[in-house]
Amino acid sequence: MINSMGTSTEPHILVLAGGLSYERDVSLRSGRRVLDALRATGLSAELRDADVALLPTLQEDPPDAVVIALHGATGEDGSLRGVLDLCGIPYVGSPAAAARLAWDKPSAKSRLREEGILTPDWVALPHDRFSELGAVAVLARIEERLGLPLMVKPAQGGSGLGASVVRESTALSAAMVSCFAYDSTALVEKYVTGTSVAVSVLDLGEGPFTLPAVEIVPRNGVYDYAARYTAGLTTWHTPARLPAAIASAVAGRALGAYRALGLKDLARVDLIVDAEGEPHVLGVNVSPGMTETSLLPLAVQAGGLEFGKVLGELVRLAVERGAW
Amino acid sequence: MTGTTQDDYTDRYARRVRGMTTSEIRALFAVASRPEVVSLAGGQPYIAALPLDAVGEMMNKVGADLGTTSLQYGIGQGTIELREHICQVMELSGITGASPDDVVVTVGGQQALDLVARLFLDPGDVVLAEGPTYVGALGVFQAAQAQVRHVAMDADGLIPAALEEAIVATGGRAKFLYTIPTYQNPAGVTLTEERREQVLDICERHGLLVVEDDPYGMLSFEGETPRPLRARRREGVFYLSTFSKTFAPGLRVGWILAPHAVREKLVMASEANILCPSAFAQSAVTQYLATMPWREQLKTYREIYRDRRDAMLDALRDLMPAGTTWTRPNGGLFVWATIPDGLDSKAMMPRAIAARVAYVPGTGFYADGTGTSNMRLNFSFPPPDRIREGIRRLAGVMEQELALRAVFGPTTPQRRRGPAAADTPGPDLA
């Protein structure tokens with residue numbers, strides 16, 4: 001960023017997208033959008049996949065900062081962040097350890113509960129526990145303890161992949177099988193009925209703040225993969241149609257979750273507001289979707305900010321800060 | 001206070017567009033393009049086997065020497081030079097005496113299909129097609145708002161009795177039979193000599209048109225390839241083929257040989273559709289057929305694909321869990337596998353992607369979302385050692401899934417909401 005003449009130049013930014021996760025396709029879309037937004041603000045950025053050519057490139061031509069638009073394990077479980085730390089390259093977003101904690105939903109939920117942040121009751125079980133103890137008995141116990149309806153989802157993962165709502169006992173086995181196709185551990189949660197909202201949290205150098213909550217109303221009632229990434233299948237209300245007091249409680253809880261998990265720069269917190277107006281934190285995302293139908297860019301716009309400028313500011317802060 | 005759907009046109013789309021959504025299965029194929037993944041999911045010919053230097057020189061000529069015509073508009077029907085060559089190509093398959101006048105050049109076989117649909121299908125019409133069938137055809141028929149009724153096949157291809165039954169069951173509403181009789185995609189089976197006559201007789205008796213799609217007929221590995229249906233009947237049969245598998249899919253050149261009476265309407269429909277096929281691509285194919293040893297090249301393809309098919313069949317025999325069966329294609333690009341009871345090829349996809357292997361779940365080849373107990377495996381693109389490695393990984397995935405299913409018991413497969421294409425990769429996947 002400082003050339004040999006001692007004068008300042010624009011930072012060279014590497015946007016990472018793709019990867020080998022189930023969310024590769026989403027990530028490529030996010031990456032393209034991030035790239036366009038950065039370039040639109042006059043910054044110099046290029047897009048790269050996370051593959052065997054990445055490390056040699058980082059060594060030969062180290063960028064001033066990396067923006068991680070990778071979703072799924074590579075982008076979110078902290079491992080790639082750890083590698084960037086090894087290389088001494090700054091990146092936008094949470095440090096490796098915080099990312100790892102947030103990525104594993106059961107671990108994140110435990111931390112949230114310790115911090116007194118409401119999250120639906122749950123149990124997390126690897127598939128081999130079912131074979132050891134007998135699926136029928138374990139499922140019956142889960143149902144007895146948590147009650148129907150239930151939410152079954154991979155302990156690690158995103159985009160609604162492998163997730164399903166179980167309203168009848170007979171559907172529980174199938175939901176477990178679908179879930180285990182994506183991950184070896186399933187998170188079974190008490191399903192909270194209410195208003196789905198996502199709150200984006202940003203920190204542009206003066207402490208974290210929340211953007212207006214985005215309310216999610218899928219046309220078919222289910223916010224699955226198709227509903228997330230097909231424009232037209234979901235209506236997003238920004239700000240969420242919540243009374244001021246509840247909106248404020250939602251924002252407070254999202255901020256609480258962000259802090260409890262030690263997150264930095266930006267994150268998205270997914271919540272559900274129950275019939276009594278109580279917000280429950282479902283999970284957090286340290287590498288939120290940046291596609292045209294993603295929630296964080298919507299929230300940025302609703303907050304009166306410009307997506308490209310926000311990214312540019314986060315990059316500037318990362319460069320200043322250096323590697324975590 | 002109003003919300004946004006990020007698509008202000010949602011309520012304005014035509015009915016045929018409904019159900020066109022992103023799908024998680026399609027998204028999984030994005031991973032299959034990475035080199036770590038053994039992709040048995042594609043349908044690409046092994047273009048690296050072409051003499052690319054010579055093809056490059058030839059293309060140079062198409063631009064430099066023939067540019068005043070190859071870069072210009074052409075006629076809707078396609079150039080006479082190419083249509084004459086096409087008639088020679090069809091002679092090799094056994095279609096003799098076809099007139100270049102009855103040939104319409106199309107943008108790949110896909111546009112040929114689209115033209116037939118435009119000419120014959122009204123919304124609500126019925127099309128009979130093999131079950132399973134080519135996903136691209138399902139897409140065309142869906143866009144025409146027609147209904148597809150599948151007709152069962154066995155190792156000898158379409159079952160004549162099932163065809164007759166389907167015709168009767170649709171009460172005369174069926175407009176045509178869409179069939180890929182030779183080295184079928186995805187099943188890899190071939191309609192036998194005997195059945196060819198039976199199928200034609202049945203269609204004739206019921207006044208049902210036949211749309212014969214023949215992209216793979218020239219890619220035979222052994223034995224005699226039965227002559228196309230069109231070689232047996234001049235009327236009532238539309239013959240569709242392409243240079244995508246015999247030369248280069250990137251050029252997008254196919255054709256349709258139609259009964260004389262229909263040809264004019266096909267040309268008009270094509271002009272309304274695309275004005276004219278690419279003059280450049282037609283010129284390239286013409287030069288290829290006129291100046292290059294394309295018959296030898298076909299031989300090369302056959303040998304490469306036979307080796308790869310053998311590698312796949314050997315690996316399947318050696319590695320697949322008990323209860324798995326598969327077809328043994330004598331040509332073409334695909335093996336169709338039937339997986340053990342209780343497994344769901346679509347639900348198993350994420351596990352396969354995690355194990356770095358990809359296939360196409362059988363559901364991609366049925367209009368009605370059935371096919372969960374099948375998968376299509378491509379052998380034309382990956383080399384033999386990668387094929388074996390892919391099958392090894394796939395077998396492991398199936399073993400894991402079988403173990404899981406044993407724990408949780410049988411479950412009912414989820415039905416797809418959108419079109420068959422939601423369960424298949426795009427054409428760019430190798």
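This is a predicted model: local features need pLDDT of at least 70, side-chain atom pairs count only at pLDDT 80 or more; totals for chains, interfaces and linings use all residues.

**Entry 1: chain A as a whole**

I began with contacts in chain A between residues at least 6 apart in sequence, and 67% of them join residues at least 24 apart. Next I counted elements and found 13 helices and 14 strands in chain A. Chain A has 324 residues, and 54% of them are buried. Then I checked the radius of gyration: a compact globule with 324 residues would have a value near 20 Å, and chain A, at 20 Å, agrees with that. Along the principal axes, the C-alpha atoms of chain A fill a box of roughly 70 × 45 × 40 Å.

**Entry 2: a helix in chain A**

I picked helix α4 of chain A, residues 79-87, and asked which of its residues are buried. I wrote down A:L80, A:R81 and A:L84. Looking down the axis of α4(A), I saw that the buried residues fall within an arc of 105°, so they line one face of the helix. What covers them? I found that the cover of the buried residues of α4(A) includes β3 (65-68), α3 (73-76), β4 (91-92) and α5 (96-103) of chain A. After α4(A) comes A:G88, and its phi is positive, near 70°.

**Entry 3: a strand with two partners**

- Strand β7 of chain A (residues 164-166) runs antiparallel to β6(A), and 3 bridges join the two. Here A:M151 has A:V165 in β7(A) as its bridge partner.
- Strand β8 of chain A (residues 185-190) also pairs with β6(A) in the antiparallel sense, over 5 bridges. Here A:V152 stands opposite A:V188 in β8(A).

**Entry 4: where chain A meets chain B**

How many residues does each chain give to the contact? I noted 35 residues from chain A and 29 residues from chain B. On the chain A side, the elements that give two or more residues are α1 (24-40), α7 (127-133), α9 (172-180), α10 (225-229) and β12 (234-237). The largest share of that side comes from α9(A), with 6 residues. Sorted by class, the side of chain A that touches chain B has 20 nonpolar, 11 polar and 4 charged residues.

**Entry 5: chain B as a whole**

I ran through the overall checks for chain B. Its secondary structure comes to 13 helices and 14 strands. The radius of gyration of chain B is 22 Å, close to the 22 Å that the globule rule gives for 430 residues, so chain B is as compact as a globular protein of that length. Its C-alpha trace spans about 65 × 60 × 50 Å along the principal axes. Of its 430 residues, 52% count as buried. For contacts in chain B between residues at least 6 apart in sequence, I found that 78% join residues at least 24 apart.

**Entry 6: two domains in chain B**

Chain B is divided into domain 1 (13-50 + 297-425) and domain 2 (53-291). I found their C-alpha centres 25 Å apart. Between them, 32 residues of domain 1 are in contact with 32 residues of domain 2. On the domain 1 side, α11 (294-319), β11 (334-338) and β14 (374-378) of chain B are the elements that give two or more residues. The largest share of that side, 6 residues, comes from α11(B). By class, that side has 17 nonpolar, 9 polar and 6 charged residues.

**Entry 7: a closer look inside chain B**

Strand β3 of chain B, residues 126-131, is mostly covered, with 6 of its 6 residues buried. It pairs with strand β4 of chain B (residues 147-154) in the parallel sense over 6 bridges. In β4(B), I found B:H150 as the bridge partner of B:A129.

My last stop was B:V140, which sits in helix α6 of chain B (residues 135-143). Why does B:V140 count as buried? Because it has 23 C-beta neighbours inside 10 Å, and the cut-off for a buried residue is 20 or more. Leaving out residues up to four places away in sequence, B:V140 touches B:L113, B:D114 and B:A117. I also checked B:V211, which is 71 residues from B:V140 along the chain, and their C-alpha atoms are separated by 13 Å.

Methods: Residues are numbered from 1 along each chain as its sequence is written. Chains are lettered from A and ligands numbered from 1 in the order in which they are written. A residue is buried if 20 or more other C-beta atoms lie within 10 Å of its own, exposed if 12 or fewer, and partly exposed in between; C-beta atoms are placed from the backbone. Helices (H or I, at least four residues) and strands (E, at least two) are DSSP runs, numbered from the N terminus. The arc is that of the directions from the helix axis to the C-beta atoms. Two residues are in contact if their C-beta atoms, placed from the backbone, lie within 7 Å. The radius of gyration is taken over C-alpha atoms; the globule rule is 2.2 Å times the number of residues to the power 0.38. Ala, Val, Leu, Ile, Met, Phe, Trp, Tyr, Cys and Pro count as nonpolar, Asp, Glu, Lys and Arg as charged, and the others, Gly among them, as polar. Domain bounds come from an automatic or database domain assignment. Two strands pair if DSSP finds at least two bridges between them.
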